[in-house]
Amino acid sequence: MSGEQNRTVFRTCPLCEATCGLEITVGPQEQIVRIRGDRDDVFSHGFICPKGSTLKQLHEDPDRLRAPLVKKNGVHVEVSWDEAWQTVADGFARVIEKHGRQAIATYGGNPGAHNLGSMLYNGVVYRSAGSHNKFSASTVDQIPKHVAGGYMFGTAQSIPVPDIDHTDYLVMLGANPYASNGSLCTAPGFPDRLEALRARGGKVVTIDPRRTKTAENSDQWIAIRPGTDGLLLAAVANVMFAEGLVSLEPRIAKMTNGLDELRDAVAELTPEAVAKATGVDAHVIRTLAREIAAAPSAAIYGRIGVNAVEFGTLNAWLVDALNVITGNIDRRGGAMFTMPAVGGATTRGQGGKGKGFTIGRGHSRVSKKPEAMGEYPVAILAEEITTPGEGQVRAFVCLSGNPVLSTPHSKQLDAALAELEFMVSVDIYLNETSRHADVILPPPSALQKEHYDVSLYTYAIRNVANFSDRVLDLPADQPDEWQILAKLGGILQGLGAHVTAEEIDDAILRQSVGAAVATTGSPVHGRDADEIFELLSANGRSGPARQLDLMLQTGPYGAGFGANPDGLSLQMLLDNPHGVDLGALEPRLPEALRTPSGMIELAPQLFLDELQRLVAKKAEMESDGLLLVGRRELKSNNSWMHNMKVLTKGSLSCTLHVHPDDAARLGISHGTSARVTSRVGTVDVPVEVTDAVRPGVVSLPHGWGHNVPGTKLAVAAEKAGVNSNILTDDKVLDPLSGNAALNAIPVTVVPV
Ligand code: SF4
């Protein structure tokens, strides 16, 4: 791509869920000159956060791996790709022959949901491993929303998003979009959109134990006790029923089951009954309910602070139950379903009814945890590795993840990984997790990859589509990420070190095309599969772009390979580098439903049972012991952006936030260190005394703890911080989704 002059290219930022458009200036030597927001991007309109421009530093980071590493005599050394692949093939062959396929565990980290190659090819690795021991970052994050949406609306993707551009009243629980820019609510420039909401006379209410920047920029901050959100949400529902404020739209009422059951379930949970446990005055809860009911439109939105807790799925259910009973589901300004361009579970097949969703189709070997979405809680990975017996995990494939920092009781997992017989990491860094790997296979930098946000556009507040071609060429001997994953899949299938990514890719595409032409209702139904395959391959592309073209063309807006000449295709997106706007969200019910009944299931029995369990714990929640919660910073991104000096300099640091009242009571002061102890661990951490947390709550950010031998993260090691997951408890899980409780952890704090 090199030339004489600067060139300008446009690309979607893959670092978080906001999908901001970037304008990237590339110099004649193929160096990145500048990155700024793309003002013509159809979705982000020029918005960019401090992380977006650091794609340049990420690309240039000397610690980013540019060749595979193999561990020899306990030390990682650079090797050729051929040697790395042979080591991978030999390692897995040994483990499979000795212990069988169930001895392999796989883990997909958070970046896997942000890269086109991993979104489309991680599955090849999982399927090829042939093991039910599948884990991912979903169980330290958002899986409760999938489970709740699955039971209520029919599929794991059936997650309504708040229509923040049109709502009159937005309630956010455990969400801090001023730092995260939104999650399962893809909305570039989320803060600007909140300001626009307030400027048009709407109201924003933030419910959070911390006075986050989002809370500061809201009309009201409700400082709840951590882990008690389910009680507050149930009390809001209680007021709705008790005061006759329930008002389902007639068309929604006709397709809703369980209204009476929900009313009965919350009958005792009055605002007064939950005030002590939640720490929120009854009149505040009552007023909140009345204001939601009175608003012309309202949307209730809960995210990680209410998902990564013991009652995560219950909370996710109650959020959307409130959206339903207040008449706000599936209407402008309420909580709506996206119609993604590449389609998905809510657009496939006949609309209005489906197979539905269930958990517990299998159970884990050691502690019998139920499966959810085909995976098990990552919190149990350590016990699966260390507990002897048939099916014990002996090998591990870690795809762009750092579970040693990001999952509960991390010291235990760190020790367990050291016991493995074989481990492969696909990662750009030699980090706290990949240091255990026998082989590390580094993908290229983000600027060297194509991109389309298949996952995140599924939960966008507008229907949009935007494809990014690679900004920089791949170095000669650097395989693309999809090639690494496809080849790894082939090796796991037993095809040997010489299997090519291309043959695996062709096989996958032929399978996908075969499914498309066989599906009734598909625009290519009945067409010749070979012809479609050739059309997709005609432009010389392979890998994810070719797969994406098929998904776009057969999706809800698709060109259908000529059937709809104005429809979407890869070529159309290449012709529109600022993206294609497909319009505001429109009502999609009942067509988007996939429940077996064809109804919204407002009160599934397992959620009602879970509410009873919460009620039984209410007295325990009324105690006033210290509770630990997490924290997200705008310039941080879980564990993997701490090697960027431009982000970690200045204010970003790993400190314990303590309320002044608690600090005085505990005898600790600002700038000193405190010792924090939970059931499973202890850390010493610098203290920041601040009233940005409510009394009784301390807060520690996650993703830190980089002072580990055997890593290669020079900048991160300088400002290592402590790993908050040394404190989080692997035994406290949301029982329905398996999500870890990363918040509301009982701790003691003493001066050091
Ligand atoms: S908000 Fe997210 S997508 Fe946008 S520039 Fe920042 S990191 Fe990138």
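In the predicted model, the axes of helices α3 and α18 come within 8 Å and cross at roughly 10 degrees, the axes being lines fitted to C-alpha atoms over the stretch in contact and the angles running from 0 to 180 degrees between N-to-C directions. Helix α3 is therefore roughly parallel to α18 (under 35 degrees; over 145 counts as roughly antiparallel, 65 to 115 as roughly perpendicular and the rest as oblique). Contact, defined as heavy atoms within 4.5 Å, is made by Gly-117, Ser-118, Tyr-121, Asn-122, Val-124, Val-125, Ser-128 and Ala-129 on the α3 side and by Glu-481, Trp-482, Leu-485, Ala-486, Leu-488, Gly-489 and Leu-492 on the α18 side. By class, nine nonpolar, five polar and one charged residues take part; Ala, Val, Leu, Ile, Met, Phe, Trp, Tyr, Cys and Pro count as nonpolar, Asp, Glu, Lys and Arg as charged, and the others, Gly among them, as polar.

Residues are numbered from 1 along each chain as its sequence is written. Local features need pLDDT of at least 70 and side-chain atom pairs count only at pLDDT 80 or more, while totals for chains, interfaces and linings use all residues; side-chain values use heavy atoms, with hydrogens and water left out. Helices (H or I, at least four residues) and strands (E, at least two) are DSSP runs numbered from the N terminus.

Both α3 and α18 are among the elements that cover the buried residues of α19, as are α20 (529–537) and α21 (544–553). Helix α19 spans residues 501–518 and reaches 26 Å from its first C-alpha to its last, close to the 26 Å expected for its 18 residues (1.5 Å times one less than the number of residues). Its buried residues are Ala-501, Ile-504, Asp-505, Ile-508, Leu-509, Val-513, Ala-516 and Val-517, where buried means under 20% relative accessible area, exposed over 50% and partly exposed in between, with a 1.4 Å probe and protein chains only.

Asp-41 lies in the loop between β3 (32–37) and α1 (55–60) and, at 2% relative accessibility, counts as buried. Beyond its neighbours within four places in sequence, Asp-41 contacts Gly-21, Asn-466 and His-578. Its C-alpha is 9.1 Å from that of Glu-23, 18 residues apart along the chain. Arg-286, in helix α12 (residues 282–294), is buried because its relative accessibility is 19%. With the corresponding neighbours left aside, Arg-286 contacts Val-239, Glu-243, Pro-271 and Glu-272.

Cys-16 is buried at 11% relative accessibility, and Cys-20 at 9%. The disulfide count is zero, a disulfide being a pair of cysteine sulfur atoms within 2.5 Å.
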